[in-house]
Structures are given as structure tokens and as C-alpha cells.
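The sequence and structure come next.

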Amino acid sequence: MAKLILTHEVTGLGAAGDIVEVKNGYARNYLLPRGFALAWSKGGEKQVESIKAARTAREHASVEAAQAQAAALSAAPVRLEVKAGASGRLFGTVKAEDVAKAVEAAGLGSIDKRKVELPAHIKSTGKYQANVRLHDDVSAVIDLNVVASR
């Protein structure tokens, strides 16, 4: 088992600043190459406080504020205009960053692109759903309407 310090939130594992133990292959092949974690050391233990401080600065101040934004996000669909061919197939895919920018453009507040979870690659126009983790206890489902730009 490998002992790691998470630098990003990993679904099902933990949040930034958490110290976790995972199997060696998962650490070596997934977490470390993608920069989601650092190898644990006594010196690295000092970094945990700065990582946690940065995480709390990005999070909502309270659960109530996160629940209010979750209600607003769930109530209104978000329109996403992307370049697409005549058959409706996109030139590329919709990324979490695109969803975060569309939410902000729709006037529904600002969300962190790292908190957006897309269920699958979005490669064609249509209606989709994305999950957003606003707080440790609060998440929202966003209805996405992907349309071709003119």
C-alpha cells in the first residue's frame, strides 16, 4: 500500500489535503502521473495545511450558501453553444471548463471546473446532465442543452 497526500479532489477517495493509503498500482499508474497526489513524507506533511487552506478558500462559506446555489443550478437548464457539423456531431468534446463558463455566463454563479463531473464524453448536440459538487455535503445536477453555434 502506498501512502499519499491528495492535491486534488478524487471522487470516491478524498479531497485535497487528505492523506490516503491506496494500492501501489493505482498510485503509480493513475494518481501520481496525473498530479492528483504526492508521495507522503514528513516534509510533505507541512504542505497539507497549505493545501487545505487553499481548498477552504475555494469552497463556499457555508452549507446554506451551497444549497442555495444548488437549487438555482437545478432549476434552470444551461445552454452550451459549441461548434458542430451538419449532423450534430461536435468538433471536439464538451469539457468541465466549458460547463463552468456556461454556468457563469447564464448568471447562475461561479463554480470551480474541478468540481464538475461529466458522466460521459459529450460529442454530439442534445440534452445531458452533469453533477457539480459544491460542498462536501451538497451536490447539484445541471441540465445541459448542447446546441450548435451559428
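How many aromatic pairs does the structure hold? The structure holds two aromatic pairs, where rings of Phe, Tyr and Trp (its six-membered ring) pair if their centres lie within 6.5 Å. The model is predicted, so local features need pLDDT of at least 70 and side-chain atom pairs pLDDT 80 or more, while totals for chains, interfaces and linings use all residues. Residues are numbered from 1 along each chain as its sequence is written, and side-chain values use heavy atoms, without hydrogens and water.

**Aromatic residues**

A pair of aromatic rings is described by the distance of the centres and the angle of the planes. Y26 and Y30 form a stacked pair, with 5.5 Å centre to centre and 10° between the planes; planes under 30 degrees apart count as stacked, over 60 as edge-to-face and the rest as tilted. Both tyrosines lie in helix α1 (residues 24-31), four residues apart, about one turn of the helix. Together with F36, Y26 and Y30 form one aromatic cluster.

Elsewhere, the charged end of K3 sits over the ring of W40, 4.3 Å from its centre. The criterion is NZ of Lys or CZ of Arg within 6 Å of the ring centre and within 35 degrees of the ring normal.

**Accessibility and T11**

Buried means under 20% relative accessible area, exposed over 50%, and partly exposed in between (1.4 Å probe, protein chains only).

| Residue | Relative accessible area | Class |
|---|---|---|
| Y26 | 35% | partly exposed |
| Y30 | 30% | partly exposed |
| T11 | 56% | exposed |

T11 is found in the loop between β1 (2-6) and β2 (19-22). Leaving aside residues up to four places away in sequence, T11 touches E117 and R133, a contact being heavy atoms within 4.5 Å. The C-alpha atoms of T11 and L38 are separated by 17 Å, and the two residues are 27 apart along the chain.

**The chain as a whole**

The secondary structure comes to four helices and nine strands, in the order β-β-α-β-α-α-β-β-α-β-β-β-β. Helices (H or I, at least four residues) and strands (E, at least two) are DSSP runs, numbered from the N terminus. The C-alpha trace spans about 55 × 35 × 20 Å along its principal axes. Of the 150 residues, 34% count as buried. Among contacts between residues at least 6 apart in sequence, 51% join residues at least 24 apart.
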